[in-house]
Amino acid sequence: MMKNSISASKASLVFFLYQMISALDVPLDSKLLEELSQPPTITQQSPKDYIVDPRENIVIQCEAKGKPPPSFSWTRNGTHFDIDKDEQVTMKPNSGTLVINIMNGGKAEAYEGVYQCTARNERGAAISNNIVIRPSRSPLWTKEKLEPNQVREGDSLVLHCRPPVGLPPPIIFWMDNAFQRLPQSERVSQGLNGDLYFSNVQPEDTREDYICYARFNHTQTIQQKQPISVKVFSMDSLNDTIAANLSDTDIYGAKPVTERPPILLTPTGTTSNKVELRGNVLLLECIAAGLPTPVIRWIKEGGELPANRTFFENFKKTLKIIDVSEADSGNYKCIARNILGSTHHVISVTVKAAPYWITAPRNLVLSPGEDGTLICRANGNPKPSISWLANGVPIAIAPEDPSRKVDGDTIIFSAVQERSSAVYQCNASNEYGYLLANAFVNVLAEPPRILTPANKLYQVILDSPALIDCAYFGSPKPEIEWFKGVKGSILRGNEYVFHDNGTLEIPVAQKDSTGTYTCVARNELGKIQNEVQLEVKDPTMIIKQPEYKVIQRYGHVSFECIIKHDSTLIPTVIWLKDNDELPDDERFLVGKDNLTIMNVTDKDDGTYTCIVNTTLDSVSASAVLTVVARPNPPFDLELTGQLERSIELSWIPGDENNSPITSFVIEYEDGLHEPGVWHYQTEVPGSQTTVQLKLSPYVNYSFRVIAVNEIGRSQPSEPSEQYLTKSANPDENPSNVQGIGSEPDNLVITWESLKGFQSNGPGLQYKVSWRQKDVDDEWTSVVVANVSKYIVSGTPTFVPYEIKVQALNDLGYAPEPSEVIGHSGEDLPMVAPGNVQVHVINSTLAKVHWDPVPLKSVRGHLQGYKVYYWKVQSLSRRSKRHIEKKILTFRGNKTFGMLPGLEPYSSYKLNVRVVNGKGEGPASPDRVFKTPEGVPSSPSFLKITNPTLDSLTLEWGSPTHPNGVLISYILKFQPINNTHELGPLVEIRIPANESSLILKNLNYSTRYKFYFNAQTSVGSGSQITEEAVTIMDEAMASRQVDIATQGWFIGLMCAVALLILILLIVCFIRRNKGGKYPVKEKEDAHADPEIQPMKEDDGTFGEYSDAEDHKPLKKGSRTPSDRTVKKEDSDDSLVDYGEGVNGQFNEDGSFIGQYSGKKEKEPAEGNESSEAPSPVNAMNSFV
């Protein structure tokens, strides 16, 4: 992650430091420049050597500035040029630029000469360079008769161009009649002088249209030389010509083309000299003749060719060194070489220099009485001479100035006065040129001026430098002081930096740096001050930076860029990709604080930068997005090392798409047996690109490779070439051979057929063999086609057989197969289990026993026994109901099982049957058994009605499941006082034939809680609870009625009712959250100690019990509004239980299931009395 911060004040620092460096210059303030006097300064002029087009007007530029504006005059060839006397010459208004009208009759040649411009005002005169005006010339080629060039093959040839002398010199090139450039090479090339050089001629050089062209750029004209004809005689044609002119007896025959060592065509001789000026381009040339064509090489004697400035052109025949300096002087050797030898030429290079500045004179702005110097230093080769002029006049004859003293290249000024203002010219010259520079001395007496606008506002970022400007001018130079605040003291100390240009710098701005700053400038002519404002802002920060993301191709990705900034600054957020603008793509969604890229592609991979800019600072943060995808498919699959049972496959991996390849999957296609179907062959690590593959006979293989990375699998590669293996005997036999009869008199033999490539050859068949086990029989065999089943008919019922299946093809048999045991078909069992006995364990559980049947009578695989049982009737109720039979299955050869979930005090029947693969055998005779009594369920309901002062009426319903003979009901009750505490518990036993009871001698206006359950001889059942309230006596009721008619009481009751409502809501909310409140704690404290958990004596076995605790209700429980009681089941698990709906068997065939004994759960606390209590009762209950 990258983060940058750039303070905006740094840009201001560059400006202020520049102003400090040029402190003696007049500030470039337009208003100040209009007011201050200034000598002339030449701002624009034509070049020293000015070649003009003779067909167009001549414009000689001369522009200058000064205060007051300067006037202009010209000299021509050293004398005054009176432009008013030449109607063809005009001067532009407010300018010194001359326009010479050539297009209306003037001739350019008449205005050739040396021109110089002078700009003058009351403070001095500035002059321009000497401007040499010359019209360009493009003369025609002189008429000449050119003889054809006849040359022998292999000889050298030079075609001279000799263009006319023009101004400036023309550009030379060679073309043919079709205006096509003539091809050039190491053998044929153009020299720097424009001539065309042939190192050796060939027959193909013969042509009649070698034309030299000269292009004069100034006049945009091209001049053409007469075509030059070249005819090359080959040795064969030359011999034929000689033979035609000689007798048979003459000895004739030209020598064949002979190879020749190199000789230089240019330059001639072994040495030459070259002078070049500093800063120009040095061009050295060597062109050689020879056969074969020589090769040119350049070296510098005693040194190296300058790096980065040396270039070779024209097939290395030209050495080019740019921007030459004196250090490039020396001897340069060109060497021409071919196989026959070499030659060389040494060029002695001397670099001279026209004058160039070391220190050019600079303008001086001085106040009266000050000192100053003008320095003019130049160098050159030879060293230039320095001369001074004052206002364009040689200083020796210029008016004297006592403050001025000339000392060679320096003019020293002492105690200048306003009359000392002038423009001085420095001229540095040698034989190669000159330099002319104007520099004025401007003596000014000015009071201080502050150029920074008043009340200018500066804003900086906290902890960054604050640069407060006080741009000033005055002569003499004013002194600057800074103050903070309206009446602040002068600023001093290390926490401030005072620059010479007046700038105040606070290196580390803090919040308390905010305020008004006053700049005071004073000199001997006056004083001025200016106030500016500084505000320090909080920095902009990226508090949630974009993070590195890895995203799959075509997914969506989002970069966050959450910022914090000063509230007074308006930030702008820019997103960049790889330091460039985001692509113009609608998939890029820029939000307020994020960048989202939809449907990411590979080209979106890169670095994303969030840049936050304000007017004062800039911060950025970057994150890299890596786009990953499934790899590209491998390619260039190649098969090598082909053998009968193996082959080597190699491939080139495709692009992994930023996620390393972890493995390669190799698949094959059998074009002979399953064309178009690809099978898995093997998998190799991602670092491996070759694999040795095992092959099967008689398969026409094609392979393909799939690359795998963390993202997924690539597309398959293109298939490899096909490879057909030879046929062979089968290597293996069918698998999963089985013998199972489908009918009592058959044996069905099945197997899994070999796949096509497993056949190892054509004509795949199977040899099926069988014989009865444990009987001395021979094998019976049959050969069948490529199928997977054979049926043997007429077998005895459920007899074991030995079976084997062997594969074979046209080349022979597979190895001997292994034998398996199968059985012929099963039939239904013939015998029912005997001696069925039932032992009742408790009221809900019984155990059944039986004797196993003989195995021969099973006539199949013994799978187990099924017990059918059903309830005949309840002994407590004589009414019959629909008989629903239940079935339990006991796997294997078990002879007993448990019957769970029986109903107490009921009559049951059961029978047992044996089971094999064909079905169930006959049922055993029905056995009858009865279950004993159990505890009853809770009474079906309990209602309390008819409340009086001292009595309540209770009504109830008998239990839904009495589970025996009811002997009585047990009623327990206890009062609840106004603080919700429970009183003493009273118990009453009620005969079983009763269904109501009037409870008397109760306290008036009292709440009671009742607990009610039924009882059999086994014990008490689950209880049901209710609450009720007796009413008040009449006297108290009448008093309450009297009170209730009072207005104040009604208001009080309303307030109490509202308070009660709020309290109830709070309690309800806390109750739903599972919290406790005082009522529960008090009820817990007064729980009935007499009510203890009860346990059914005969209702338990092992570690399982169907008894539950029965306790008086504690606070927090309520019955539903319909006063019914909720019931829940408790589940026990047992071993040796039969297989019902949810039953299952373990490995040894024993039953694993669930045993459910349904019982009544502890009832919830009942609702209050159905009669609403009076407001007084409600109040009493909460007092």
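Q: What do buried, exposed and partly exposed stand for?
A: Buried means under 20% relative accessible area, exposed means over 50%, and partly exposed lies in between (1.4 Å probe, protein chains only). The model is predicted: local features need pLDDT of at least 70, side-chain atom pairs count only at pLDDT 80 or more, and totals for chains, interfaces and linings use all residues. Residues are numbered from 1 along each chain as its sequence is written, and side-chain values use heavy atoms, with hydrogens and water left out.

Q: Why is R134 called partly exposed?
A: R134 has a relative accessibility of 28% and therefore counts as partly exposed. D49, at 46%, is likewise partly exposed.

Q: What makes D49 and R134 a salt bridge?
A: A salt bridge is a side-chain nitrogen of Lys or Arg within 4 Å of a carboxyl oxygen of Asp or Glu. The N to O distance between the side chains of D49 and R134 is 2.9 Å, and they meet in a salt bridge. This pair links distant parts of the chain, with D49 in strand 3 (residues 49-52) and R134 in strand 12 (residues 131-135), 85 residues apart. Strands are DSSP runs of E with at least two residues, helices are runs of H or I with at least four, and both are numbered from the N terminus.

Q: How do you know that E560 forms a salt bridge with K544?
A: The closest N and O atoms of E560 and K544 are 4.0 Å apart, and the two form a salt bridge. E560 lies in strand 50 (residues 557-560) and K544 in strand 48 (residues 541-544), so the pair ties together parts that are 16 residues apart in sequence. E560 is partly exposed at 36% relative accessibility, and K544 is partly exposed at 31%.

Q: Which of these words, buried or partly exposed, applies to K577, and which to D578?
A: K577 has a relative accessibility of 12% and so counts as buried. D578 has a relative accessible area of 42% and is therefore partly exposed. K577 and D578 form a salt bridge, with their closest N and O atoms 3.1 Å apart.

Q: How many salt bridges does the rule give?
A: The count comes to 37 salt bridges. R152, D155 and R260 are linked in a network of salt bridges.

Q: Why is the aromatic pair of F179 and Y213 called tilted?
A: Rings of Phe, Tyr and Trp (its six-membered ring) pair if their centres lie within 6.5 Å; planes under 30 degrees apart count as stacked, over 60 as edge-to-face and the rest as tilted. By this rule there are 21 aromatic pairs. F179 and Y213 lie 6.2 Å centre to centre with 45 degrees between the planes, so they form a tilted pair. F179 is exposed, with a relative accessible area of 54%, whereas Y213 is buried at 5% relative accessibility.

Q: What makes W751 and Y766 a tilted pair?
A: Their centres are 5.7 Å apart and their planes form an angle of 55 degrees, which means that W751 and Y766 pair and count as tilted. W751 lies in strand 66 (residues 746-752) and Y766 in strand 67 (residues 765-772), so the pair ties together parts that are 15 residues apart in sequence. W751 counts as buried at 5% relative accessibility, and Y766 is buried at 0%.
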